[in-house]
Amino acid sequence: MGYIDGVIVAVETAKKQEYIDFAKGTAAAFKKHGALSAIECWGDDIPDGKVTSFGMAVKCKESESVVFSWIMWPDKETRIKAWPAIEEDEALAGLFSDMPFDGARLIYGGFEVVVNE
């Protein structure tokens, strides 16, 4: 049914285009290594939470926006096989060394798709 890598990160709002350029580069690499698609979503209606929220999860500052992203893989095996190749892909070396966000506040995880209608 597929497998998803999900990501949430805070990005300086002023760096939106820089982030979009970064995301296009990483999307191409993910697809090169077997991903079906890479979706990047710039938050524009992210409510503040009292207990938890997207913004709280990534310690979003007033000058930042929340980005919600996911990479769709055909299956977990493809994803497991792809990540070492992605990490060694020389085309990504420059992208990952100068990311337009604080990687320490990025949250991610792998998810088994259980409903896709």
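1. Ile 71 touches Tyr 3, Ile 4, Asp 5, Phe 30, Ala 35, Ser 37, Ala 38 and Trp 83, leaving aside residues up to four places away in sequence. Contact here means heavy atoms within 4.5 Å.

2. A word on the basis. This is a predicted model, where local features need pLDDT of at least 70, side-chain atom pairs count only at pLDDT 80 or more, and totals for chains, interfaces and linings use all residues. Residues are numbered from 1 along each chain as its sequence is written, and side-chain values use heavy atoms, with hydrogens and water left out.

3. Ile 71 belongs to the largest nonpolar core, which has nine residues in all. Another core, of seven residues, lies apart from it; Val 11, Ala 23, Val 67 and Phe 101 are among them. A nonpolar core is a set of buried Ala, Val, Leu, Ile, Met, Phe, Trp, Tyr and Cys residues joined through side-chain atoms within 4.5 Å. Helices (H or I, at least four residues) and strands (E, at least two) are DSSP runs, numbered from the N terminus.

4. Ser 69 sits in strand S3 (residues 64-73). Ser 69 is buried, at 4% relative accessible area. Buried means under 20%, exposed over 50%, partly exposed in between (1.4 Å probe, protein chains only). Ser 69 touches Asp 5, Gly 6, Val 7, Tyr 19, Ile 39 and Glu 40, not counting residues up to four places away in sequence.

5. Phe 54 lies in helix H2 (residues 54-57). Phe 54 is partly exposed, with a relative accessible area of 40%.
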